[in-house]
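Student: I would like to learn how to read a protein structure. Could you take me through one?

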Amino acid sequence: MVNGQIEMENPTIRGNGKDGSGVPITENGGAMFVLRNANETGGDSAGFTATGTSIITSNASKMSGGAICVRNGNITLAQSTISSNNSKTGGALYLKGGSLTTTTSATVKDNYSVDNGGAFYVEDGSVQMHN
């Protein structure tokens, strides 16, 4: 998605970005890729927001963000379990130029990255986790 905001309530995001044998086939963001084009006018926000109980598990990508890749936008999660995702960079989440916020109760476990950020990789951004 370009220049958009994805909002979900009580999402389960599972098993995306892989072929039938479990090999990653998606380049960036196994489940979703959101990009805010800084050159576009209008709309100041782009990203992904999950309210309620979020389960993000068993997603994969070849390059960035096994589950979610957001560039120039924000990721906001509530009551999240983020587990068993994998990618080259940012096993679960890859964020460049924005913020990652968990509002309540986050469990992050068993995510894997080949290079950097077993669970999260954040470049030119910020992270705020609240429990």
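This is a predicted model: local features need pLDDT of at least 70, side-chain atom pairs count only at pLDDT 80 or more; totals for chains, interfaces and linings use all residues.

Student: How many helices and strands does the secondary structure of the protein hold?

Tutor: The count is 0 helices and 15 strands. As for overall dimensions, the radius of gyration is 13 Å, close to the 14 Å that the globule rule gives for 131 residues, so the protein is as compact as a globular protein of that length. Along the principal axes, the C-alpha atoms fill a box of roughly 40 × 30 × 25 Å.

Student: What share of the 131 residues counts as buried?

Tutor: A residue is called buried when its relative accessible area is under 20%. Here 40% of the 131 residues count as buried. The accessible surface comes to about 6300 Å², and 43% of that belongs to carbon and sulfur atoms.

Student: And the charges: how many positive and negative side chains are there?

Tutor: The protein has 8 positive and 10 negative side chains. The centres of these two sets lie 6 Å apart.

Student: Among contacts between residues at least 6 apart in sequence, what percentage joins residues at least 24 apart?

Tutor: The figure for this protein is 81%.

Student: Where is cysteine 69 placed, and what does it touch?

Tutor: Cysteine 69 is in strand E6. Its relative accessible area is 0%, so it is buried. Leaving aside neighbours within four places in sequence, its contacts include Met32, Phe33, Val34 and Tyr94.

Student: Is serine 61 buried or exposed?

Tutor: Serine 61 counts as buried because its relative accessibility is 2%. Not counting residues up to four places away in sequence, it touches several residues, among them Pro24, Thr26, Asn86 and Lys88.

Student: Which backbone oxygens lie by the polar side-chain atoms of serine 61?

Tutor: To read such a pair, look at the distance between the two polar atoms. The backbone oxygen of serine 64 lies 3.3 Å from a polar atom of the serine 61 side chain. For the backbone oxygen of glycine 65, the distance is 3.1 Å.

Student: What does the side chain of asparagine 59 reach?

Tutor: A polar atom of that side chain lies 3.1 Å from the backbone oxygen of isoleucine 13. The side chain also reaches the backbone nitrogen of glycine 15, at 3.3 Å. Asparagine 59 is buried, with a relative accessible area of 0%. Its contacts beyond four places in sequence include Arg14, Asn16, Ala31 and Ser84.

Student: One more residue, please. Where is alanine 92 found?

Tutor: Alanine 92 is in the loop between strand E9 (86–89) and strand E10 (93–96). With a relative accessible area of 0%, alanine 92 is buried. Among the residues it contacts, leaving aside those within four places in sequence, are Ile68, Ile82, Asn111 and Gly118. Its C-alpha atom is separated by 8.4 Å from that of tyrosine 121, 29 residues apart along the chain.

Terms used. Residues are numbered from 1 along each chain as its sequence is written. Side-chain values use heavy atoms; hydrogens and water are left out. Helices (H or I, at least four residues) and strands (E, at least two) are DSSP runs, numbered from the N terminus. The radius of gyration is taken over C-alpha atoms; the globule rule is 2.2 Å times the number of residues to the power 0.38. Buried means under 20% relative accessible area, exposed over 50%, partly exposed in between (1.4 Å probe, protein chains only). Contact means heavy atoms within 4.5 Å. Accessible areas come from the Shrake-Rupley method with a 1.4 Å probe; for residues, only the protein chains shown count as cover. Lys and Arg count as positive and Asp and Glu as negative; His and the chain ends are not counted. The place of a charge is taken as NZ of Lys, CZ of Arg, CG of Asp or CD of Glu. A polar contact is a pair of N or O atoms within 3.5 Å; within protein, one must be able to donate a hydrogen and the other to accept it, and residues adjacent in sequence count only if both atoms are side-chain atoms.
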